[in-house]
Amino acid sequence: GTSCVTPAWSLPEQWPLTLTTVTHEVPPASVFVHNCSLYRLLDMATESSTSFDGSEPFEVFDANNVSLGKNIPRNTVHREGLFHRAVQVLLINDKKELLLQQRAHDKDVAAGTWDLSCSEHLRPKEEYRFAAHRGLQEELGVDIPQEDLKQLLPAFLQDFTYPTVNRRDREFVECFSAQYSGQINIDAKEVIDTKWVPVEDVLRMSEDPKNASLEFAPWVSDSLEHLKKIGWSP
């Protein structure tokens with residue numbers, strides 16, 4: 001069977017957010033709908049795997065990205081659509097290729113799909129940049145100094161609904177990049193595979209996911225659209 005995934009841009013009542021990390025405004029992307037056939041139900045969400053830990057605590061936030069001072073289990077956060085935080089990292093090599101990773105099959109959302117180099121939830125009280133550094137180490141075995149991680153996008157809201165499996169993923173995301181051409185050592189519990197793909201090919205596929213040779217996690221196209229809006233180039 002298939003599951004239709006409908007991403008929707010939702011903004012807090014006051015925009016831009018007043019955050020110490022915000023350095024410029026990011027315009028909202030247009031609302032768009034992914035082709036339903038792109039995302040398989042069994043790959044998009046599963047709670048049956050013994051290796052997936054749905055009890056991982058997430059710090060939750062209000063609609064303005066202000067902490068509510070509560071830590072709630074991951075499964076509950078995704079089931080109830082509570083605001084939480086995540087970070088994305090793009091690793092670019094000296095050939096201007098972007099490292100993509102294939103998500104493990106037991107992820108609760110977007111399992112088995114291709115993602116940016118690293119997508120990591122923040123731990124309670126953790127800063128975005130530190131989470132980016134930690135995620136690269138844990139998922140890819142890559143140790144890049146925090147000061148070498150360049151912020152591309154300040155905190156913005158991504159809102160994706162998975163109605164068939166009763167999931168709503170509302171994340172305040174920051175996006176970073178770094179230059180890297182070294183060795184990759186994946187954590188097989190988190191990542192199935194990685195590949196370097198020319199940036200222009202990734203952008204082309206993200207613009208036309210229906211005909212892309214890789215099945216992307218739904219937020220990939222959205223994040224890349226934001227990067228294009230601010231004139232990003234590797």
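**Notebook: a predicted model, looked up piece by piece**

I began with Asp62, and, leaving aside its neighbours within four places in sequence, I found Asp62 in contact with Leu68, Phe83 and Phe172, where contact means heavy atoms within 4.5 Å. I note that this is a predicted model, in which local features need pLDDT of at least 70 and side-chain atom pairs count only at pLDDT 80 or more, while totals for chains, interfaces and linings use all residues. Residues are numbered from 1 along each chain as its sequence is written, and side-chain values use heavy atoms, with hydrogens and water left out.

**Entry on the loop between β2 and β3**

I placed Asp62 in the loop between β2 and β3; helices (H or I, at least four residues) and strands (E, at least two) are DSSP runs, numbered from the N terminus. With a relative accessible area of 26%, Asp62 is partly exposed, and I wrote down the cut-offs: buried means under 20% relative accessible area, exposed over 50%, and partly exposed in between, with a 1.4 Å probe and protein chains only. Asp62 and His84 are 22 residues apart in sequence, and I read 8.6 Å between them in space, C-alpha to C-alpha. A polar atom of the side chain of Asp62 lies 2.8 Å from the backbone nitrogen of Asn64.

I then turned to Asn65, which lies in the loop between β2 (57–61) and β3 (67–73). Is Asn65 buried or exposed? Asn65 counts as buried, because its relative accessibility is 2%. The side chains of Asn65 and Arg85 are joined by a polar contact of 2.9 Å, meaning a pair of N or O atoms within 3.5 Å; within protein, one must be able to donate a hydrogen and the other to accept it, and residues adjacent in sequence count only if both atoms are side-chain atoms.

**Entry on two positive phi values**

I kept in mind that most residues other than glycine have a negative phi. Ala110, in the loop between β5 and β6 (114–115), has a phi near 55°, a positive value in a residue other than glycine. Ala110 counts as buried, at 0% relative accessibility.

The C-alpha atoms of Ala111 and Ala217 are separated by 8.2 Å, although the two residues are 106 residues apart along the chain.

In helix α4 (residues 199–207), I listed Val199, Val202, Leu203, Met205 and Ser206 as the buried residues. Why do they fall on the same side of α4? They do so because they cover an arc of only 165° around the axis, the arc being that of the directions from the helix axis to the C-beta atoms. Glu200 and Glu207 are exposed on the other side of α4. The buried residues of α4 pack against β4 (83–92), β5 (97–103), β10 (191–198) and α5 (218–229).

For α5 I noted that 9 of its 12 residues are buried, so it is largely enclosed by the rest of the structure; among them are Trp219, Leu224 and Leu227. Just after α5, Gly231 takes a positive phi of about 75°.

**Entry on Glu138**

Glu138 has its place in helix α3, and at 34% relative accessibility it counts as partly exposed. Not counting residues up to four places away in sequence, I saw that Glu138 touches Glu120, Arg123 and Asp187. Glu138 and Glu120 are 18 residues apart in sequence and 9.7 Å apart in space, C-alpha to C-alpha.

**Entry on the whole protein**

I finished with the totals, which are 5 helices and 10 strands in the protein. Buried residues make up 54% of the 234 residues. Among contacts between residues at least 6 apart in sequence, 68% join residues at least 24 apart.
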